[in-house]
Amino acid sequence: MKSQGARPGSVMKKMESSDIFALLESDHEKVIQKTNALIEDLNNMHCEGKASFQKNLGRVKEALHFFNGEVMEHMALEERTLFPYLETHVPRVSSAIRFLQAEHDDFRNNLKIFEFLASELSRQKNDDHRSKTVDRIKETGTYLSYLLRHHIEAEQRSVYQSLERELKPSEKDELRKRLFKS
Ligand SMILES: [Fe+2]
Ligand SMILES: [Fe+2]
């Protein structure tokens, strides 16, 4: 588990002074923006070829860094604190949570493939090999982007709405404390 200091631009740092639930949702908005940019970068990498390859690879690696950092920590916070608390207090969301958990696992598995392909692109010198890897990373990165967008939409509709509507004020306060301590 990473310390709070490991994530300076994230929810963990700002949590004391702002509403934790709004901050979790602002994480989601940031993910949507980053996935839109990633799809564009992957298309550019595919179309622009050799001349802009290093620039486009740099952008893809920035997306990888964001996924491995902020997105993984956001998911860990949900799994560690938010999901278990809601399963206890709003049991009817249990099946939705199981589905969301499976999407987290799918994200992590595909992120490993994405990371492997990015390191292959840094290493490969042969244009044919590189062009095949560009096809594969485009496919995996696009899958990750759509997975995250679908995940966020489903999560907002199920978990986050239940949190807003069905928890009593005292339960929300308790959850805030637990999220802050995680
Ligand atoms: Fe999630
Ligand atoms: Fe989330």
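Tutor: Before we start, one definition: a helix axis here is a line fitted to C-alpha atoms over the stretch in contact, and angles between axes run from 0 to 180 degrees between N-to-C directions. The model itself is predicted.

Student: OK. At what angle do H2 and H3 pack?

Tutor: Helix H2, residues 20–48, packs against H3 at about 155 degrees, and their axes are 9 Å apart.

Student: So are they roughly parallel or roughly antiparallel?

Tutor: Angles over 145 degrees count as roughly antiparallel, and H2 and H3 are therefore roughly antiparallel to each other. Their crossing is left-handed.

Student: Which residues make that contact?

Tutor: On the H2 side they include Val31, Leu38, Leu42 and Met45, and on the H3 side Leu57, Val60, Phe66 and Val71 are among them. The residues of this contact divide into 9 nonpolar, 3 polar and 6 charged.

Student: Switching to H4. How many residues does it have?

Tutor: H4 runs over residues 94–123 and has 30 residues. From first C-alpha to last it reaches 44 Å, close to the 44 Å expected at 1.5 Å a residue.

Student: Which of its residues are buried?

Tutor: Ile97, His104, Phe114, Leu117, Ala118 and Leu121.

Student: And what covers them?

Tutor: The cover includes helix H3, residues 53–89, and helix H5, residues 127–166.

Student: Zooming out, how many helices and strands are there?

Tutor: The protein has 6 helices and 0 strands, so its pattern along the sequence reads α-α-α-α-α-α.

Student: How much of the protein is buried?

Tutor: Of its 182 residues, 22% count as buried.

Student: What about contacts across the sequence?

Tutor: Among contacts between residues at least 6 apart in sequence, 70% join residues at least 24 apart.

Key:
Residues numbered from 1 in each chain as written. Chains lettered and ligands numbered in written order. Predicted model: local features only at pLDDT ≥ 70, side-chain atom pairs only at ≥ 80, totals over all residues. Helix = DSSP H or I, 4+ residues; strand = E, 2+ residues; numbered from the N terminus. Expected span 1.5 Å × (residues − 1). Buried ≥ 20, exposed ≤ 12 C-beta atoms within 10 Å, placed from the backbone. Contact = placed C-beta atoms within 7 Å. Parallel < 35°, antiparallel > 145°, perpendicular 65-115°, else oblique. Left-handed = near helix turned anticlockwise from the far one by under 90°. Nonpolar A, V, L, I, M, F, W, Y, C, P; charged D, E, K, R; others polar.
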